[in-house]
Amino acid sequence: MTINRETSPKMVLNHGTPQGSPLSPILSTIYLIPLLCLAKIWKFHGLSMYVDNRAIFATGPTYKIATDCMASALCSMMEWLTCNGLGIDLDKMEYISFQPPHTSTRHISYQILDLLLGLPGGWVLSVRQSNSV
């Protein structure tokens, strides 16, 4: 355990917080505060979290600009998670996109159906589109 740059000796833990404990969301929130602070500086995109679920929101005048914003946020979030010993269940990842009603695709470009994201380390992630939230 490290607090204020002071690290304790390694120890064996025989107990933990049980599933469904009211303490779990509080500890999770405390642990993830730096991630929320990171998201606070993002422009035209943001992060919403509930326990172990996260949603990145991005806006832009075209689908490409919005998805580029979202991809940047996702890379930033994945880097933070990796540095803090956490990860993402990539099989559960999906995205959905919207446009204002009565807007012509000639003004905002065509919707991106297969979202391919370049990730750190040269990985390419394919994210499936969902038709509902």
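The bend at a residue is the angle between two axes, one fitted to the seven residues ending there and the other to the seven starting there. Helices (H or I, at least four residues) and strands (E, at least two) are DSSP runs, numbered from the N terminus.

This is a predicted model, in which local features need pLDDT of at least 70 and side-chain atom pairs count only at pLDDT 80 or more, whereas totals for chains, interfaces and linings use all residues. Residues are numbered from 1 along each chain as its sequence is written, and side-chain values use heavy atoms, with hydrogens and water left out.

**The whole chain.** Of its 133 residues, 23% count as buried; buried means under 20% relative accessible area, exposed over 50%, and partly exposed in between (1.4 Å probe, protein chains only).

**Helix H1.** Select residues 23–40, which form H1. Its 18 residues reach 25 Å from the first C-alpha to the last, close to the 26 Å expected at 1.5 Å a residue; the expected span is 1.5 Å times one less than the number of residues. Where does H1 bend? The bend, of about 50°, is at Leu 32, and Pro 34 follows within four residues. Now show the side chains of Ser 28, Leu 32, Leu 35 and Ala 39, the buried residues of H1. Their cover includes strand E3 (45–50), strand E4 (53–58) and helix H2 (63–83).

Move to Pro 61, in the loop between E4 and H2. Is Pro 61 buried or exposed? Pro 61 is exposed, because its relative accessible area is 54%.

**Strands E6 and E7.** Select E6 (residues 115–118), where Leu 115 and Leu 117 lie on the covered face, and Leu 116 and Gly 118 on the uncovered one. E6 pairs with E7 (residues 124–129) in the antiparallel sense over 4 bridges; two strands pair if DSSP finds at least two bridges between them. Leu 115 stands opposite Val 127 in E7.

**The core.** A nonpolar core is a set of buried Ala, Val, Leu, Ile, Met, Phe, Trp, Tyr and Cys residues joined through side-chain atoms within 4.5 Å. Finally, select Leu 35, Leu 74, Leu 117 and Val 127: of the 19 residues in the largest nonpolar core, these touch the most other members. H1, H2, E6 and E7 are the elements that give two or more residues to this core, and H2 supplies its largest share, 8 residues.

Conventions:
Contact = heavy atoms within 4.5 Å.
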